[in-house]
Amino acid sequence: MNIGESLLKLCMDSGIYGLIQNPKPLIMIIVACVLLYLAIVKKYEPLLLMPIAFGMLLTNLPFAGMYHEELFAEGHVHWNLFGGHGDITPGLLDYLYLGVKLGIYPCLIFIGVGAMTDFGPLIANPISLLLGAAAQLGIFMTFIVCYTVFGFTGPEAASTGIIGGADGPTAIYLTGKLAPHLLGPIAVAAYSYMALVPVIQPPIMRALTTKKEREIVMEQLRPVSKKEKIIFPIAVTIIVSLLLPSAAPLIGCLMLGNLFKESGVADRLCKTVQNELMNIVTIFLGITVGATATAETFLQPKTLMIIVVGVVAFGCGSAGGLLLAKLLNKITGGKINPLIGSAGVSAVPMAARVSQVEGQKANPKNFLLMHAMGPNVAGVIGSALAAGMLLSMFG
């Protein structure tokens, strides 16, 4: 091969030549840069949006060969191709993506979430479970609409609906199992709307409640004993796993992390899952989820539909919790401030903080944070149960 042919081969192997042949990846590179801007400058969920955006950037670099959709075609891992057989040489992101596809990363994230969660407000006020359940309304309404109106398949509708739970790891876990080709847009939508909780929820809260309702001051929660906090994660794991085995991986990991925290005898493990493990898995999860957002799969009409439907799902979830809280307010003779119902979505602790802020705007003496944390952590359990239910139906 002479110098001219070598130079020609060098040019044809460059990413610039690849973009000239197919400009679609350039659009995705621009989208990735916009998401990086939002994560770094606007600070929208930077810990996850930044690695997701960078994974999106890496996977759309022509000829880089870091991620190959063919290895995971039709929702299955084609293990025979990982040995280097055929024309595909697996890249770095192909191997890291196995943690998403096999459901490993989301479960490890849930251990860390459990170790950082205080279920005390939920134990002190068990009625919060109902509010957490009501806030899953957005999941099932969106599922029905996507399936019956927009022509999504059952697994696609289920994966899109889970955005309404406002729980990123749960959305990734379910989508990785049911509709991996939608993982990129669903993950971006889920984490974007979690970051926009303070923007999306307040108008809904003010529209569905009166000023008098927002002014309600709730009684202080009773103290919760250490014994109750230790028994709770064990009991929940047993009960949920017996009723809905498909939810056991998420619920079990969530409660294991919480048991590390509440037992008081595993401080080293608790600190590890809260910090080192959580940080490492977050990086791997974000990069590999972003890697699924290739130009061929992301630049589709269905992607735009998911983005639009996702915010509706989230709004319906917030409204569902609010409306049940209004009903419980009537039943209890005005003892429950309906604002805590919107915290039933899984965006912990952002949704609870929004309830606190809106309550104080109506009444400066109002302190709803701990009351709202009950529905908020109940929402984490509720979204995991909803995911388990949908996985049982379509998995």
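In this predicted model, the axes of H6 and helix H17 (residues 267-274) come within 8 Å and cross at roughly 120°. That makes H6 oblique to H17, where oblique is what remains once angles under 35 degrees are called roughly parallel, over 145 roughly antiparallel and 65 to 115 roughly perpendicular. The largest pocket has a volume of about 820 Å³. A cis peptide bond joins Val348 and Pro349.

Conventions

- Residue numbers start from 1 along each chain as its sequence is written, and side-chain values use heavy atoms, with hydrogens and water left out.
- Because the model is predicted, local features need pLDDT of at least 70 and side-chain atom pairs count only at pLDDT 80 or more, while totals for chains, interfaces and linings use all residues.
- Helices (H or I, at least four residues) and strands (E, at least two) are DSSP runs, numbered from the N terminus.
- Axes are lines fitted to C-alpha atoms, for helices over the stretch in contact, and angles run from 0 to 180 degrees between N-to-C directions.

Helix H6 against H17

- H6 passes H17 in a left-handed crossing; left-handed means the near helix is turned anticlockwise from the far one by less than a right angle, and right-handed means clockwise.
- Ile111, Gly112 and Ala115 of H6 meet Cys270, Val273 and Gln274 of H17, with contact meaning heavy atoms within 4.5 Å.
- This contact of H6 with H17 has four nonpolar, two polar and no charged residues.
- In these classes, Ala, Val, Leu, Ile, Met, Phe, Trp, Tyr, Cys and Pro count as nonpolar, Asp, Glu, Lys and Arg as charged, and the others, Gly among them, as polar.

Helix H11 against H12

- H11 and H12 pack at an angle of about 165°, their axes 9 Å apart.
- That makes H11 roughly antiparallel to H12.
- The crossing of H11 past H12 is right-handed.
- From H11, Gly168, Pro169, Ala171, Ile172, Thr175 and Gly176 meet Leu183, Ile186, Ala187, Ala190, Tyr191 and Met194 in H12.
- Residues of the contact of H11 with H12 divide into nine nonpolar, three polar and no charged.

Helix H21 against H22

- H21 and H22 pack at about 145°, with axes 8 Å apart.
- H21 passes H22 in a right-handed crossing.
- H21 brings Met350, Ala351, Ala352, Arg353, Ser355 and Gln356 to the contact, and H22 brings Leu369, Ala372, Met373 and Asn376.
- By class, the contact of H21 with H22 holds six nonpolar, three polar and one charged residue.

Largest pocket

- The volume is about 820 Å³, taken as the space filled by probe spheres set on grid points that are joined across faces, edges and corners.
- A pocket, on a 1 Å grid over the protein atoms alone, is an open set of points where a 1.4 Å probe fits, with protein on both sides within 12 Å along at least five of seven lines; lining residues have an atom within 4 Å of a point.
- Of the 31 residues that line the largest pocket, Val113, Met116, Met194, Met278 and Val348 are the closest to its centre.
- At least two lining residues each come from H4 (46-59), H6 (104-115), H11 (168-178), H12 (183-195), H18 (276-291), H21 (350-362) and H22 (369-394).
- H4 gives the largest share of this lining, five residues.
- The lining of the largest pocket has 22 nonpolar, five polar and four charged residues.

Second largest pocket

- The second largest pocket holds about 410 Å³ of space.
- Its lining has 20 residues, and the closest to its centre are Thr59, Leu61, Pro62, Phe63 and Glu296.
- Helix H2 (15-21), H4 and helix H19 (295-298) each give two or more residues to the lining of the second largest pocket.
- That lining of the second largest pocket counts nine nonpolar, eight polar and three charged residues.

Backbone exceptions

- Most residues other than glycine have a negative phi, and most peptide bonds are trans.
- The peptide bond between Val348 and Pro349 is cis, with omega about -10°.
- Pro349 lies in the loop between helix H20 (301-331) and H21.
- Glu45 has a positive phi, near 45°, and sits in the loop between helix H3 (24-40) and H4.
- Phe63 also has a positive phi, near 70°, and lies in the loop between H4 and helix H5 (92-101).
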